[in-house]
Amino acid sequence: MGYLSGILKMYLEGDIAENLKIRASITDQNVPFQPEGNTQQIQDFDNVLIELYNDDFSLAAGDVVLQQRQSEFLRYYKNVQGLQFTSKYKMDDKWSASSQAFASIAKGKFASILLPILEGVLGPYRVSGPNNERFVIIMANSERVFLDGKQLKRGFNEDYVIDYNQAEITFTPKVLITQYSRVRVDFEYAERNYSRSIIGANHTQTNGKVDVYLNYYQEKDNRNRPLFTDFSQQELGLMASVGDSAALARIPRIDSVAFDKNRILYARVTAFDGFGNPLVYYEYSNDPELAHYDLGFSLVGAGLGDYRRASQLSNGTVYEFVPRLNGQPQGDYSILSQLPLPDSKRMVTAGTRVKLNEHEKVYTELALSSVDQNLFSELDDLDNQGLGMKVGLQSEGRESSLFKGYTMKGQTEYEYNSTNFNFIDRFRYIEFDRDWGLSQDALQSAAAEQFFRAGVGFEKDALNRFDYLFYLRNRQNVLNGTQHSANWNVQLGSKIRVRQEFFRLNSKQDTLQSDWTRYLGDLSYNSKIVVPGYQFSLDQNALRSAETDSVVSTAMNFKQHLLYLRSNDSLSYSFLADAAWREDKAPFAGQLLNDTRAFTSNFTFRKQWTQHSLSSTFTYRELAYLQRDLQSELTVMGKLDYQGSLGKNLIRNEISYAIGNGRELQREFVFLPAPNGDGTHTWRDDNGDGVQQLNEFYLAINPEEKQYIKIFVPTDTYIQAYTSILNYRLQAKFPEAWKEAGGLREFLHKFSNTTSLSVEKKVTSDDFADRINPFVGGVNREDILSLRQVIRSSFFFNRASAKYGFDLSYFDSQFKQLLSGGFEDLIQKDWKWNTRYNFNGQTTLRILAGAGNRLSSSDFLENRNYTISQNQIGPEFSWQPTPYFRTTATYSFTGKVNTANIEFKEKAQLHQVGIDLRFSRAVKTTLTSNLKLIQIDYNGVPNSPVGYEMLQALTPGTNVTWNVNWLQKIGEGLQLNLVYEGRNSQGLDRIVHVGRMQVSALF
């Protein structure tokens, strides 16, 4: 077998002609997944961007970012693959202009989702699709996460991290999540039903006083190019007949196929229901005569489907039919699947801005939008088009004659949106509709809208300013309301500062009356060192029935008192301590009553020294329920980061420790074939039935066996847990001056140590010590829900010497995960000893020894329960007569015992003899090869998980392995890598040959 793979990285910038430059960034790493979202900056694995440019134009091709230029209504930010041309030029002596055009293929589709959150739980929270899709893939770097209307920052040391492939968001301990938190996520997701194009153009021109601009944007599915599905004429006819009613475009996904023992197939069953009516359903079968149907299942919700999950196999999930009760479905899965309808969005805008004088300008814009929800159908197309219009007057920078030393600004604006006017991406701020008391249900039906706002502001500096805004909104037959908002900051003397924010809403929604008042007042005293302060805030909203005056609902209703003490901004360190008391009300029987009472305290500290840095945050929160019979809830979370060194970098430490409330997702996994030997696992038919079972897949050791990949399939089941994370790194050595000091100090100088520890643990124990303890010891293993622990420590003696030395290493890896069938627990612990002695500069002797344990425990795969103790020792002799050639001869003995086998002493003895050759000349040619003879004596069952581990994927008796690796530089910038591997094992009845070739371009 063989395959070709490649890795390409190229960064280029320079001149290619007079007044013409090129800039290129090309990376291709053949990685079939997206980058992790745990840093603020994202580096794509596969990215191509080439740009030709000068002072007057630019032409970009490849992975470009499209973003609107000048427009009031048109908003978009798209990561695409395509072309973008931008130019700047003079129209005449007065007018200058810029034009832009682009054509591209979209990578994703825009969506906005409100996350359902839990009190005190940091996550993970799964982001669903806009049509309630269970699993979506979020495009890297496309997400915008908002908490209570404020955008958060991505990063392990910031506010949240995200798994783009699993669409899961986890907040860091810097963010407090409560049941009253509002989390909304804007993102682009990989919706790959049709090839989707994005084209557009825009033009701006100005003479310094008048700006004129025009924009065109279109985003459209190609209905003639479905990506993964070929529609039948019946399906095309159905989609053409449903118009914009996507829910009606549902068909059963039933394919008649030939029997395949490694696929999950179903048999068709004909029966009668409880009323005597004929009934047809499908049941799982491995009967070659009956199992000829491949079904697709969709999660539709409890009581809406006729099937439910029955079991999990190695290649997927088995579903079973659930009889209806009194004609009502009893399952949550259906064989009816939604047909994807191709859609399009388009917008044209034209506008102008005119400067009346130095301070005032008038602006206006007209926009036409078109949204077609089903390109297969002309039905319901009469509501596709919409109109938007805006006109306004803006003033800024004018000296105030009323308040000396203040500048004045003001704005008046009117906006009209017709009934079917639609935006491309989010146009208004994230909580715009919420601030008008409108729910998502109230926004489902299209309606014409009118807006009018007028505001005025006065500002001296950031500490002395005032602004007021009046806002009127009318949504036809839905809402008629007014808003008043004001902000006032004032400094009294040189120490006292006052900050106030006010908001008031009055609106009518059909027979409902909404009143909303928000206020925040902050009083602080700014001394040179500490700043004490008090803050009072209230948020009182009530939606009442106009007839009965009873409270129907509330978006938020609380009062909060907060005391704080923080450092002055001028200090070299910063700290903040606060304590808040808050009471929330909720409607009960038409009245607002006190529902919860909470106490929250926060502490943060940050300090940078010459050789040390420390930052920490800690949150403590108690929540009591006053009306409902629920237990009080306690939230404790925090994070500590420290970096420092002692002496002259003699001891360097890095510590990161975090605790919080989280939850663990129950997962399932399947094994799928991988092309070109790019897999990680192998299947061995241990029981000889020819059917792939979960307990017959192993982590592949031999290269020719890497034929399958292990895919984790997330479920919808979460279990709440307490999370602790600890990362620690240590580097220690003795002073360099001791190297020539003689005596004990010179001897101690030869010692050094490197240690790293990484632990992420989730427990269900209510014991507070277990919750904050990141270590495994002292915690009941049954209380551990999830564990990822890796400890590495190496002690070195005479590490820098080429003559002699030794090192002692310890490795501890523990991995426990929650699967649908129970827990899977893997533990590996090893001690390794390595000594070396160089005789004459050409020959080196090494003695290698080791001891360790391998433990595997599974709740659902009984043959994966074993404990293997092993010991290893052997010499290694190297001879290097020239700088270009080296040969190494090795021998090792390994003894293994399965101590978990109480029936007999299951053991294996491995004798391995090998020879390695290496030839290397500068950076042009490198040739390496090795040949190994392994003799194995084993008294257990070879075709078993224990046998696979003890035999190291070989067979009892004689095994021979060999490989040759040739790395050759070809000309300038190209590198060829040829790999040949082979194996011959006793009882295998064949010789295995594996070849690989890789070409790399170096720049």
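# Strand pairing and aromatic contacts in a predicted model

Strands β15 and β16, the latter covering residues 210-226, pair in the antiparallel sense over twelve bridges. The structure described here is a predicted model.

**Strands β7, β15 and β16**

- Strand β15, made of residues 194-206, is also joined to strand β7, residues 96-106, by ten bridges, and these two strands run antiparallel.
- Gln-205 illustrates both pairings: this residue of β15 is the bridge partner of Ala-97, and Gln-205 also stands opposite Val-212 in β16.
- β15 and β16 form a hairpin, with three residues between the two strands.
- Within the turn of that hairpin, Gly-208 has a positive phi of about 95°.

**The open sheet of β9, β13 and β12**

- Three strands form an open sheet in the order β9-β13-β12, and their pairing is antiparallel.
- Strands β9 (125-126) and β12 (160-163) each have a single partner strand and stand at the edges, so one side of each lacks a neighbour in the sheet.
- β9 pairs with strand β13, residues 168-171, over two bridges in the antiparallel sense; Tyr-125 has Ile-169 in β13 as its bridge partner.
- On the other pairing of this sheet, four bridges join β12 to β13, and Asp-163 has Glu-168 in β13 as its bridge partner.
- β12 and β13 form a hairpin with four residues between them, and Ala-167 in the turn has a positive phi of about 55°.

**Aromatic pairs and a cluster**

- A search of the whole structure finds 42 aromatic pairs.
- Phe-747 and Phe-751 form another edge-to-face pair, with 5.4 Å centre to centre and 75° between the planes.
- Both members of that pair are partly exposed: Phe-747 has 42% relative accessibility, and Phe-751 has a relative accessible area of 29%.
- Tyr-307 and Phe-321 belong to one aromatic cluster, whose members also include Tyr-266, Tyr-281, Tyr-284, Phe-297, Tyr-319 and Tyr-333.

**Charged groups over aromatic rings**

- Arg-23 lies over the face of Tyr-53, at 4.1 Å from the ring centre.
- The charged end of Arg-353 sits over the ring of Tyr-363, at 5.3 Å from the centre of that ring.

**A nonpolar patch on the surface**

- Which residues form a nonpolar patch on the surface? Tyr-884, Phe-919, Leu-927, Val-964, Trp-966 and Tyr-980 do, and together they have about 490 Å² of accessible area.
- Phe-919, one of the residues of this patch, is found in strand β54, residues 906-921.

Notes: Residues numbered from 1 in each chain as written. Predicted model: local features only at pLDDT ≥ 70, side-chain atom pairs only at ≥ 80, totals over all residues. Heavy atoms only, no water. Pairing = 2+ DSSP bridges. Patch = residues over 30% accessible without salt bridge, like charges linked within 9 Å, V, L, I, M, F, W, Y side chains within 5 Å. Areas by Shrake-Rupley, 256 points an atom, 1.4 Å probe, with all protein chains shown as cover. Salt bridge = Lys/Arg side-chain N within 4 Å of Asp/Glu carboxyl O. Phe/Tyr/Trp six-rings, centres within 6.5 Å; stacked < 30°, edge-to-face > 60°. Buried < 20%, exposed > 50% of the residue type's maximum accessible area, 1.4 Å probe, protein only. Lys NZ or Arg CZ within 6 Å of the ring centre and 35° of its normal.
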